[in-house]
Amino acid sequence: MTRSDSSRSRAALRSRCFAAPAHETWGICQSRNPYVRRREDQRAARKAGKPYRPPLDHPLLAEALEETLGVILYQDQVLQVCQALAGFTAGQAEALRRAMSRRRSRELMEGFWDEFRVGAGARGVSEPTAKRVFEQVIAFSEFGFPKSHAAAFGLLAYQSAWLKQYHPVEYYVGLFNNQPMGFYSLDALGRDARRHGVEIVLPDINQSDVWCTVEQTDGRTDGQTDERAVSPRWGRSAATVGRTDGQADRQASSRWGHSDAQVAKRSPTFSSRPSASRSPHLERANAVRVGLGFVRDWGKEIAEEVVVEREKNGPYRSLGELVRRSPPKLSRLAIDNLVWVGGCDEFGLTRRELLWQAGLWLPPKTEQLDPARVRHQMELALNHPYEGLRFGDLAADERLLAEYGMLGFAPSGHPLSLLRGALPPGIISSARLPSLEHDSRVEVAGLVVARQRPHTAKGFVFVLMEDEAGMINAIVRPDIFDRDRIAVRGEPFLWIIGRLAKDDGSFNVIAEEVRPLKVPHRSPFPVPPSPAGPDSRSANPFAFLRSLRQNAPDSKDWG
């Protein structure tokens with residue numbers, strides 16, 4: 001083989017490898033369309049050593065549709081099909097392309113039928129065949145897009161899958177640090193991370209950076225980390241992991257006014273120099289530490305000042321010290337919010353005790369003057385005489401509500417995990433769906449992640465819910481939507497009764513009734529005891545669910 005032949009061979013291989021993600025991504029988007037089935041048939045034929053010839057509506061379509069196994073996948077192919085089968089000129093093809101991009105493209109494209117029929121007849125194509133192909137073109141115009149878009153989606157999907165497989169912690173850090181984006185909320189992303197072995201660790205005044213960072217937890221699952229293994233940066237600012245603002249490299253050496261060498265000297269756990277082999281600490285990295293900037297009423301500037309002070313003068317050892325050393329712009333409300341989500345737990349007090357201390361150091365009257373803590377003189381590092389009073393810790397439901405209220409998502413778990421014992425008896429977990437028979441009657445409940453009502457779906461609504469075991473896809477017919485519209489459109493927690501539809505590994509619940517999730521008024525469920533001691537209180541599931549409705553993260557809704 002000559003060098004030129006070898007180059008052409010490698011180019012053809014790259015072309016096939018790059019085209020595959022585009023075809024399969026767009027094929028999957030069309031939900032088990034003929035391309036996916038033909039692709040599987042082609043693989044089976046190759047495995048058996050037999051040639052595969054995809055079915056075509058007419059031999060004239062071979063060149064235009066050879067690459068996609070006889071199926072129209074891209075806008076580009078629509079024009080090629082019309083030119084090959086009906087002899088459209090470049091001008092007619094351009095007019096057709098413009099019609100496809102209009103809002104009422106179906107009606108506009110139907111006006112091309114006479115030209116298409118006459119042109120196809122002149123090339124020996126029967127009218128039934130021409131009609132069948134033209135109907136495919138019409139149907140495609142409602143959701144098609146160019147091949148370049150599909151290639152971009154396919155490449156992004158492959159890159160994301162690779163990162164999630166081999167660098168899962170860094171992958172989720174990048175997603176958290178670049179919100180808002182994508183289909184899923186931070187709440188859903190956090191629980192997806194946990195299902196893939198990545199812990200989401202609550203913010204901590206002495207461990208968190210401004211943004212989310214990678215942290216190793218020595219294989220622990222209790223959310224506690226080894227302080228010696230935590231470093232705010234790995235030779236560059238960990239706060240810039242996954243950031244796309246174009247300043248990551250600059251921030252690595254100058255944002256805090258320290259060089260990489262100084263950072264490495266202070267934090268010897270991670271070397272600032274690139275290594276040919278993967279660090280053993282990186283092998284054990286399995287947690288995402290939530291940044292201080294994610295806490296309500298903090299923001300980037302205040303979080304940066306708090307982190308700079310910590311790096312210059314050492315960690316904060318008590319809440320009183322935090323109040324004295326932090327910038328005056330850090331308000332009492334912001335400190336309370338950090339305490340609510342466990343950001344000061346390492347001070348050795350319960351969260352109620354810490355909130356009490358915050359009230360001692362920063363009484364409400366200071367908030368009436370200015371939301372920031374105005375200081376008129378130097379403060380002495382003295383203890384308050386009443387800061388030693390003891391209070392019980394927060395219950396599990398109070399902690400989860402605090403996370404939703406102060407972070408907008410709940411790293412500690414799913415709200416239904418605290419309601420499972422109080423749910424109506426017929427509701428099952430999503431983990432049981434694979435074991436049930438097709439068309440089984442099921443009742444499921446979950447937190448709504450997304451609602452979609454695309455204009456091409458003819459009134460159908462697609463609801464994505466999540467319970468503590470995973471995602472649940474529900475399909476609501478137009479008549480059910482009209483009857484249960486209020487619940488479908490507005491309820492953050494849904495209870496759906498319907499039939500299970502199973503298709504080649506996918507599971508959907510065809511809704512017959514959609515209700516707001518309800519629990520009994522007086523059916524208390526036990527709360528785990530706090531570390532400070534036994535807690536005799538029981539949470540009321542009805543009150544808990546009512547509070548959840550007020551604090552639940554917004555779903556991603558379209559249509």
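**View 1. W113 and F116, both buried in this predicted model.** Buried here means under 20% relative accessible area, with a 1.4 Å probe and protein chains only. These two sit three residues apart in helix α7 (residues 113–122), so about one helical turn separates them. Helices are DSSP runs of H or I with at least four residues, numbered from the N terminus. The ring centres of W113 and F116 are 6.5 Å apart and the planes meet at 25°, so we call this pair stacked. Rings of Phe, Tyr and Trp (its six-membered ring) pair if their centres lie within 6.5 Å; planes under 30 degrees apart are stacked, over 60 edge-to-face, and the rest tilted.

**View 2. F116 meets F134.** Here the centres lie 5.2 Å apart with planes at 50°, so the pair is tilted. F134 belongs to helix α8 (residues 127–140) and F116 to helix α7, so their pairing ties together parts 18 residues apart in sequence. Both F116 and F134 are buried, too.

**View 3. Charges over rings.** K131 lies over the face of W113, 4.7 Å from the ring centre. Over at W495, the charged end of R515 sits 4.6 Å from the centre of the ring. To count, NZ of Lys or CZ of Arg must be within 6 Å of the ring centre and within 35 degrees of the ring normal.

**Notes.** Residues are numbered from 1 along each chain as its sequence is written, and side-chain values use heavy atoms, leaving out hydrogens and water. In this predicted model, local features need pLDDT of at least 70 and side-chain atom pairs count only at pLDDT 80 or more, while totals for chains, interfaces and linings use all residues.

Conventions. Buried < 20%, exposed > 50% of the residue type's maximum accessible area, 1.4 Å probe, protein only.
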